[in-house]
Amino acid sequence: MNRTFLALVTKEIIAFFRSWGLVAVVLYSFTLDIYIAGKGIEIQAKNVSVGYVDRTAGALSGKILARLHAPEFKTPVRFPSRKALYNAIRNRKIMVGLIFDTDFSREFYRGGPARIDLLLDAITASQSFQALNYLQNIVLDFSRTQVHVKLKIHKLFNQNARTSWFMSLAELLSITTLLGVILTAAVFVREKENGTWDIMLLMPIDPRITILAKSLSQVLILMGGIFLATGLILFGTFDLPINGSLAAFFLLSFFYAFTSAGIGLFVAAVSRSMLQVAQMAILIMMPMIFLSGAWTPIHAMHPLLQKLSLLSPLRYYIEGSESIFFRGTPWGDLWPYFAGVILLGGMLYYYGFRKIGKLF
Amino acid sequence: MSPAALRVEKVTVRYGNTVAIEEASLEADRGEIIGLIGADGAGKSSLLHAIAGVGRFQGEILFEGHAYHSPKEAEPLKPHIGLMPQGIGLVLYRNLTVGEHLDFFADIRNLKRNEAFLSYRERLLEMAGLAPFTDRPAGKLSGGMMQKLSLICTLLHRPKLLILDEPTTGVDPLSRLELWEILDNIRREEGTVALISTAYMQEAARMDRIHLFDSGRIIARGTAEALLAGVRNYSYEPVPCPSERCIQTGHYTYALDPIDAPKKEPTLEALFFVHALQEGRRIPPIEVSPRESDEAIPSLVMEARGLTKRFGSFVADDHIDMRLQSGEILGLLGANGAGKTTFIKMLLGLYPIDGGELTLLGRPIRSAEDRRHLKSRIGYVSQHFALYKDMTVRENLLYFAQMHRLPLTRALPRIQRLAEELGFAPYMEALPSELPLGINQRFSLAAAILHEPVVLFLDEPTSGVDAIARSQFWQLLQRLKEVWGIAILITTHYMSEAEYCDRVVLLKQGRKIADDTPQHLMARYPEAKSFEEAFLQLYKEKVI
């Protein structure tokens, strides 16, 4: 039994490394894709193009404009009229437009509310609102306020509020889910496509051993990918801190890999070709990732979706991993995450196992 | 004398680094049927696609005075060319009826619906015997009817150059006869040039000129009679070879030097063997060592009573009785869709049985549990020799050895022995996709007999394989049967292969229409010259 189990696992791993297309996809997903997600998804305002129309003498407006500088803003561009500025925004040349009307500085020095018109391209919502935030702060400095309160900010866990930390980790966890499903399903569906399915069924092996060995082989490949991504991208490129136990993260990942393998088994049971696997995987994965808090904080969701997110094993995996990396939560306090992943994952794996077992 | 209607000059087709067909030349006159005969991968399809103007090639093709060197240059000729690609029902749409198909093909060819067209359409339907079925969807037609429909759809625009790629492969004998009759009529009435490839040597008799293909080259050409005359001197009754430059197959011995044996009237297959000999290729006889296991083999290996399989309302196998004895090669013959594969899959437990009783190796089969411990005593070669394409031949065999829990000390020498005896030892480190079809076939057999089963099921193992490899494969099965004493059940759509079987069962549309020794069957039809003809008679008699 040990030998056949080992032979089954080895065979799948050999087959994986021989199909260079699959190797390329896995390598890409665990390195470049996570890098791009960490680097590319920038929610902070950066390189925002600014245009302005200035009908004042320019002393005060000049002071305000001088505060708009790199890296958040590009050098402001002057426009002759409101219409020209508006057109530039329409044509996506400018994202933020400021209009200083003739009475702006007069009103300001008279102490009355002075008005700046602000045109904002709100299509890239988060970026433009970040820019708005900056502008408000700048304008606030110029206003004489009665309140003498100063905020002293302590950013916890992610001191520089780097989105790359959060995004790269969340992407790694999502990729683990997606690849776990696709790789495991592929192992079975490729046999269907190549016509070796019948031969597999005719081997004098307990089907349970076959299923277990085949899914374990993919869990191992997945773990390899997670090692690679953690070392090369998370630590190597983005300098993620590790405040908790790295071993705890890998153990949690191992359990979670079985969860996604379980979904993969289900997908394999109902798909006849790799195309169907891809379709099914996306169909199942999307709600799971949406509900997990990978893209939106769970507390910002609709209350119903918040309840539903309790059912997504990815939620526990993400919260658990964040706690390990950033909060440095000790082993003893990680149990809710482990429990969530193992319980939900166990159920999913068992279901997938039964579902594909019916085909044997 | 007027120049030939079609002239193909030194056409070469390459796919990447592999040469599919090299410098092939041929000529055809109006109203002639030109035959292309050879195994899969011999280059027939590549040449046909080049001539049809749908594939790139080097060389020149001349049709009715118009020369072309690329698909683009062939474009003006397309209205005069009709191509029917390989594969049953490939050009058809499952949900369209017969009538809708004809309308559709008329529309895409932009044919005028005038008097002449309508009467031609009627005539085609009549010839194909499809007139009563114009309202039936193509998906509900039998394989033979599908091919006839494909053919008349291809003929609808009255092409002057008709190109058919294996139109008869896997089709039942009666439909094949009808297909040939349609072709014969059309070429005589319309003066069509017809190029036809086939996997069946026996169809050569229908062709005006034959071209034999072997690994990318045309090795012989001429009329059937002239070709046979060329090899008559080398064909003898099967006797052991006295010298080199000689091959013994199951039913013939071919020798370049005269030997002391009675001559035997050859078939076209002889050309492949004689050509191989003339090229100096050595084809060693096949030997099989005795099995290592001394497990007793029950005399009655399989007994099926009233075995039935339904897919929805379609009955794939209808109450089939069959017995398989040890030391017997049982041939399960029939066209595609006759129920051969379904039957084997029922025996193996890959399909649930819908009715009837099955006893395997003395054990009544009622549940998956009953099969579990039988698996190690059964060998199976699936259609198209499916094995793991990401692993080398050696890795594949080792994998199967481990699945069957063979200790490495026994498995390694056994793999080596089989590789040598079955002649694939030089390919041990190659991937299955890199093997020639004939080698792949024997390697698949090795994987199936590695654990020394007592019964062997083979699903169309000879399909598409060249004549020499096929004859060697049958010799190999013969040796396995004799030396190992096991039972072999093999399916095939080549009716002529009945001669290699101890007993044949003929299926027609899911029913058994014959179960006898080939000799008895031949005796029943004394006027039949070959198994083909005998089975054709049987087919005509047993109307379902």
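**Close-up views of a predicted model**

View 1. Strands β22 (residues 503-508) and β23 (residues 511-516) of chain B run antiparallel and are joined by five bridges. Strands are DSSP runs of E with at least two residues, numbered from the N terminus. Two strands pair if DSSP finds at least two bridges between them. B:Leu507 has B:Lys512 in β23(B) as its bridge partner. Two residues lie between β22(B) and β23(B) in this hairpin. In the turn, B:Gln509 has a positive phi of about 45 degrees.

The model is predicted: local features need pLDDT of at least 70, side-chain atom pairs count only at pLDDT 80 or more, and totals for chains, interfaces and linings use all residues. Residues are numbered from 1 along each chain as its sequence is written, while chains are lettered from A and ligands numbered from 1 in the order in which they are written.

**View 2. Domains 2 and 3 of chain B.** Chain B is divided into domain 1 (6-222), domain 2 (224-278) and domain 3 (300-541); the bounds come from an automatic or database domain assignment. The centres of domains 2 and 3 of chain B, taken over C-alpha atoms, are 29 Å apart. Seven residues of domain 2 of chain B contact nine residues of domain 3 of chain B (C-beta atoms, placed from the backbone, within 7 Å).

**View 3. The trace of chain A.** The C-alpha trace of chain A spans about 95 × 45 × 40 Å along its principal axes. Among contacts in chain A between residues at least 6 apart in sequence, 80% join residues at least 24 apart.

How values were computed
Two residues are in contact if their C-beta atoms, placed from the backbone, lie within 7 Å. Helices (H or I, at least four residues) and strands (E, at least two) are DSSP runs, numbered from the N terminus.
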